[in-house]
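Grab a pencil and work through these exercises with the structure open beside you. Try each task before you read its solution.

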Amino acid sequence: MTANKAKAPNGKLGVMIVGLGAVSTTFITGVMMARKGLAKPVGSMTQYDKIRVGRGEDKKYLHYKDIVPLADLNDIEFAAWDVYPANAYESAINCEVLKEKDIDPVKDELLKIKPMKAAFDKNYAKRLEGDNTMGDITRWEMVERLREDIRKFKEETGVERVVVLWAASTEVYVPVDEKIHATVESLEKAMKEDDREHIAPSMCYAYAALKEGAPFIMGAPNTTVDIPAMWELAEQTKMPIAGKDFKTGQTLVKSGFAPIIGTRCLGLSGWFSTNILGNRDGLVLDEPANFRTKEVSKLSTLESILVPENQPDLYGHGNDEDTQYYHKVRINYYPPRNDNKEGWDNIDIFGWMGYPMQIKINFLCRDSILAAPLCLDLVLLSDLAARAGRYGTQRFLSFFLKSPMHDYTQGEVPVNHLFQQYVMLKNAIREMGGYEADEEID
Ligand SMILES: NC(=O)c1ccc[n+]([C@@H]2O[C@H](COP(=O)([O-])OP(=O)(O)OC[C@H]3O[C@@H](n4cnc5c(N)ncnc54)[C@H](O)[C@@H]3O)[C@@H](O)[C@H]2O)c1
């Protein structure tokens, strides 16, 4: 039996979500419908996947819940913050992701989720107009009010544990600044000095969550917990953190498809990805400063799978001063499609003697339908990790994330290869269930 076997969950689990938009309401409604037996949580690894534990004659294939003590869906209580005052029912209807027939059976429960006032700064998402905010207060005041919100939620609902999940809009890009983001001390100083340029509102949510003993998950590409100061805070508070950016549609395809090219030693000269989407996420990303955050995240996926330095003949061609293949990502706001994003990938590859070929992928997906199971898995597995005494960046959750966190100050490389990520996920589950990690072929 390994040392980090997870403790059993006690009582209820509070899931506090930043943002009550398309992704959050699809996630919440799906969980409520699933626990009534009216819908299936398709796409969720924690609800469906079976992995092998043990070897040889002892091997068994089990669901995660039979290996590790996961919180039960019936034990989840939801809460949210949002810039707009619409409750979870109104928001689910407005977002038009789910049909009314799939929302109405849990209408009463959804009506009760009224968003708390958001810690918000319009400079971080210029396109949003809502007024359900804490107003023009300092960053430190935001932290204090958010901590109060978490404590109040615990008292009122009696939940034993809380996980905070960011499923709010993408903020403008905040580059890592060593003077501010390197230590907890410098981060707190900047918050107390109300340094609005370097402290995004999302950092206040993360800081408040960790201080209140709640794991924090970043579902947008924001750099929030991807800074040394937050890694230090997670160590101090012994809390797990995970991020960034849910890996849903195009990037899921990319991280699963790029290994075909790499494993088969084919060459790549360019990969062009473009999308149309028309939900509020698309509206916010139509602003160049917000798109920049997403672009950095989306571009990072290929770099650690098809590495020019390792295979200069295969991946060292193209643009970027001829150092590597050409990789471009575009997102276009197009309202008629709402949440039903369409993505196109054009992949220029080459084979024997350099002869060129093309691959086209056209994915007609549904953004929030793909994101909701990731929310569930990230929440349940972060709660599990906390009970197993795991803290800091949870690399085993890279499987669910577009731009997985890693210690870049130590030259660590992210793992973007979908099947390597899956090995990391399976081994973490095995270890938290008291089994040994292994790399056997199943
Ligand atoms: N759906 C996907 O496939 C996918 C994939 C990766 C990442 N994401 C990210 O998930 C996030 C949510 O996506 P969505 O489609 O639900 O967007 P959405 O616009 O429908 O919902 C986001 C909500 O966050 C609220 N918000 C913004 N700033 C806030 C703050 N400071 N405090 C509280 N609330 C705040 C907005 O008012 C809005 O209601 C986005 O950042 C998106 O980029 C989505």
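**Exercise 1: Around the ligand**

Task: Which domains supply at least three residues each to the shell around the ligand?

Solution: In this predicted model, domain 1 (13-246 + 368-432) and domain 2 (250-364) each give at least three residues to that shell. Next, look at who sits there: 36 residues surround the ligand, and the closest are Gly19, Gly21, Ala168, Ala220 and Arg280. Now sort by element: helix H1 (22-35), strand S4 (76-82), helix H11 (280-285) and helix H14 (367-387) each put two or more residues into the shell. H14 has the largest share, with 4 residues. Finally, sort by class, and you get 20 nonpolar, 11 polar and 5 charged residues in the shell.

**Exercise 2: A hairpin**

Task: What is the bridge partner of arginine 52 in S3?

Solution: First find the pair: strand S2 (residues 50-53) runs antiparallel to strand S3 (residues 60-63), with 4 bridges joining them. Follow arginine 52 across and you land on tyrosine 61. Then check the faces of S2: Ile51 and Val53 are on the covered one, Lys50 and Arg52 on the uncovered one. Last, trace the turn: 6 residues lie between the strands of this hairpin, and glycine 54 there has a positive phi of about 75°.

Key
Residues are numbered from 1 along each chain as its sequence is written. This is a predicted model: local features need pLDDT of at least 70, side-chain atom pairs count only at pLDDT 80 or more; totals for chains, interfaces and linings use all residues. A residue is buried if 20 or more other C-beta atoms lie within 10 Å of its own, exposed if 12 or fewer, and partly exposed in between; C-beta atoms are placed from the backbone. Two strands pair if DSSP finds at least two bridges between them. A residue is near a molecule or strand if its C-beta atom, placed from the backbone, lies within 6 Å of it. Ala, Val, Leu, Ile, Met, Phe, Trp, Tyr, Cys and Pro count as nonpolar, Asp, Glu, Lys and Arg as charged, and the others, Gly among them, as polar. Domain bounds come from an automatic or database domain assignment.
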